[in-house]
Amino acid sequence: MQRISIDPITRLEGHGKIEIFLDDQGDVANSYFQIPELRGFERFCLGRPVEEMPLLTNRICGVCPEAHHMAAAKAADAVYHIDIPRTAKMLRELLYMAFYVTDHTTHFYALGGPDFVMGPDAPVAERNILGIIHKVGLEIGGKVIQARKFGHATVEIIGGRKVHPCTSIPGGLTKGITEEQRQEIEKMGRWAIEFGQFSLGLFNDIVLSNQQYLDLILGDIYAHETYSIGLVDENNKINFYDGRVSVVAPDGERIGKYAPNEYTDWIGERVEPWSYLKFTYLKKVGWKGLVDGKDSGVYCATPLSRLNAADGIATPLAQEQYEKFYATLGGKPVHKRLAIHWARLIELLYAAERWVELATDPEITSPDFHKVPTETPTEGVAIVEAPRGTLTHHYKTDERGLLKEVNLIVGTTNNYAPISMSIQKAAKSLIKKGKVNEGLLNMVEMAFRAYDPCFGCATHSLPGQMPLEVTVRDAQGNPIDVLKQFC
Amino acid sequence: MSANGKPKFAMYWAASCGGCEIAVLNIHEKILDVDANFDVVFWPVAMDAKYKDVQAMPDKSILLTLFNGGIRNEENEEIAHLLRQKSQILVAFGSCACEGCIPGLANLSSTKEIMDSVYSSVSTVNPEGIRPQTSYLMPEGEIHIPKIYPVLKTLDQVVPVDYYMPGCPPESHQIGAVIDLVVKVLHGEASLPPTGATIGADKSTVCDDCPRERNVKTIKSFKRIQDIEKVDPNLCLLEQGIPCNGLATRQGCGALCPRAGAQCIGCYGPAEGVVDYGARLMTAFASVIDSQDPEEIERILDTLPDPVGQFYRFNLAGSLMRASRSAWNGNGKT
């Protein structure tokens, strides 16, 4: 049997590894996407006090520490059975919205967007943020830096630090904000709304007005009919900080909504002996392998899934974009994976609008930002939407609040199965009769990037993009061709 | 020197969270100084990076390498050796490389215990008790994943290190200051600190930068931060009973956490001259305990719920203790 390895050139750990096997005709028989790293936060957090979890789990990922900080703080609240003051909830969500704007900006302009703005066929050397600046103009680079600066500034005002915030504790926060700080945050939020609109305008001009790109989005190669999940509020509108998880079938029917403490009824994780990362699936549907369709428990948790799983968006400008999105792409749900990029920008606009909504609430500056927990700590589960998918933290403690059990299902893990499927689909369409198309790397890479995978989070180890090497081997295992690329 | 006459710069992440990379990006415009003064030859997060190109470089041809992340498996170690060989100056960048950071707490458990927690968790459906295997025979052929080391190592436990830059992550203004210094050295306007020095930080403790008032007050018990009705915004946190690590932790962050009402958790590592951070912190805590009675002292110490986490949160892997016996043996037995 012929074998193709897509391996980090250097075998840099923490990155993914793909093995593709060909059958006797030289067509793809099977493919394995392996994650080679594990850190074990679930183990070494045991014995630690639960109030430290927002600080310890920050270090799972330095790119999205805010998501772990929030999930951990909410799970710690749940462990103490405490309903935190309204101001505390708003402050945490406000921090989180500023983080979302920053994170989605980084992804669109530096990681995923260049595929579109520069075009998927552009030379690799141009498919980066500098390429975008050269094509669209210098002032856009300034805007991107500004968006990241404003986001980090707001995170620091509320969270105490730019990276690894430190202020969320069981019962609320260690500090509130002053009126002066509120005004500053509001000003930055208003700028972020304009930036969100500008980004969607850019997407419209460059991508949607270009039939070739639109065809790429609408084409079959990047389509998978899976379930979609995402957090929604009581009106089934998108929410990133709180709510219940809506589960929507491939045909668009909502099969249910689960509260955080019901997650084990809905989500199962499967261990494969060839990868350190587990595969999640919908327990109620069951694991049928890496396949599409209503009978397969594979689901997706991405910006696109969140739009699919919700009935709309609670802020006006983003809602308008939401409607345009489905009108353009032929109704709900959308299964074209490249539409994740567009969905991400709609979410960016929502986060900016919500940022201003929260910053202008009269109670946001209230000193009522913490309540002392009084009940005996036991067990708690919390869910937030991390930019890369639904994030679940589940803790059990002794009566002193020291951890006895920790379970984490992080954003990218949810998407391990669909990412593996996208890889297999790209491989099948590009490898025929033993011949490997040079475009394979690009297509595989684009399939990854749409999900914005963070295998640092997923393995609770190293984030980063995927360096790839494809080795084509003959039936005796001798390499006959090597294609390589570092992203 | 490169063809363009500029000295070469590299940055690498081993087993890290990516926060160090974000901290470097957060120097914003100063990144242009790096670009103006250096030829960036290897930086996987930011550019097309070829390991084989690094292998092909002459020894000591990279002037400056910032290495972040701990050493978790043989590949991390291999790249540490390669970059040591190719670099004139190798900096352990950030808490993971310097002292192990939070992931170093894994050194309290064996690999088996870690695997058991992860692959038998409450949401995992795994009745056969499957564990990932380093080689596995699929119907189509054998596939591999790397073996995990029984303990996490710091960078200087595998290669000699020239400088240490602490912090989780190092603060961006400190990164900026180090870049300024190196640029001055390149222009002959400054000289390098002695080998082995800690850079991008100050010598004293976090308390020196903390605006909170200290009255040399002693305490009768430690308190959990969530249990305090109203934390005094102006008073030393330790004197309010909150186990703040400022007294033992190196100055450099500007006391960010205590300013935000949260205790210092020690991410900048030990202050200058301290051999073992935990031992130093224990002495510091002992000095605020208000009792001479051994039994009462015992009771007060019992109010610290997690001593090993408190004293070795960021530096277990780099401390004199390094790891628990069971982790060190890698077999789950004590």
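**Interface, domains and sheet architecture of the predicted model**

In the predicted model, 75 residues of chain A are in contact with 68 residues of chain B, two residues being in contact if their C-beta atoms, placed from the backbone, lie within 7 Å. On the side of chain A that touches chain B, the elements giving two or more residues are β2 (17–22), β3 (28–34), α1 (41–44), α2 (53–56), α6 (138–159), α9 (263–266), β9 (267–270) and β14 (403–409) of chain A. Helices (H or I, at least four residues) and strands (E, at least two) are DSSP runs numbered from the N terminus. By class, this side of chain A has 35 nonpolar, 21 polar and 19 charged residues; Ala, Val, Leu, Ile, Met, Phe, Trp, Tyr, Cys and Pro count as nonpolar, Asp, Glu, Lys and Arg as charged, and the others, Gly among them, as polar.

Residues are numbered from 1 along each chain as its sequence is written, while chains are lettered from A and ligands numbered from 1 in the order in which they are written. As this is a predicted model, local features need pLDDT of at least 70 and side-chain atom pairs count only at pLDDT 80 or more, whereas totals for chains, interfaces and linings use all residues.

Chain A has an average pLDDT (the predictor's confidence in each residue, from 0 to 100) of 86, and 84% of its residues score at least 70. The pLDDT is below 50 over residues 456–469 of chain A, a stretch with 80 contacts in the model beyond near neighbours in sequence.

Chain A contains 16 helices and 18 strands. Its domain assignment, automatic or from a database, gives domain 1 (2–36 + 437–485), domain 2 (83–223 + 336–372) and domain 3 (224–335). Seven residues of domain 1 of chain A are in contact with five residues of domain 3 of chain A. The side of domain 1 that touches domain 3 has five nonpolar, two polar and no charged residues.

In chain B, five strands form an open sheet with parallel pairing, in the order β2-β1-β3-β5-β9; strands pair if DSSP finds at least two bridges between them. The edge strands β2 (39–42) and β9 (163–165) of chain B each pair on one side only. Strands β1 (residues 8–13) and β3 (residues 62–68) of chain B are joined in the parallel sense over six bridges, and B:Ala10 has B:Thr65 of β3(B) as its bridge partner.
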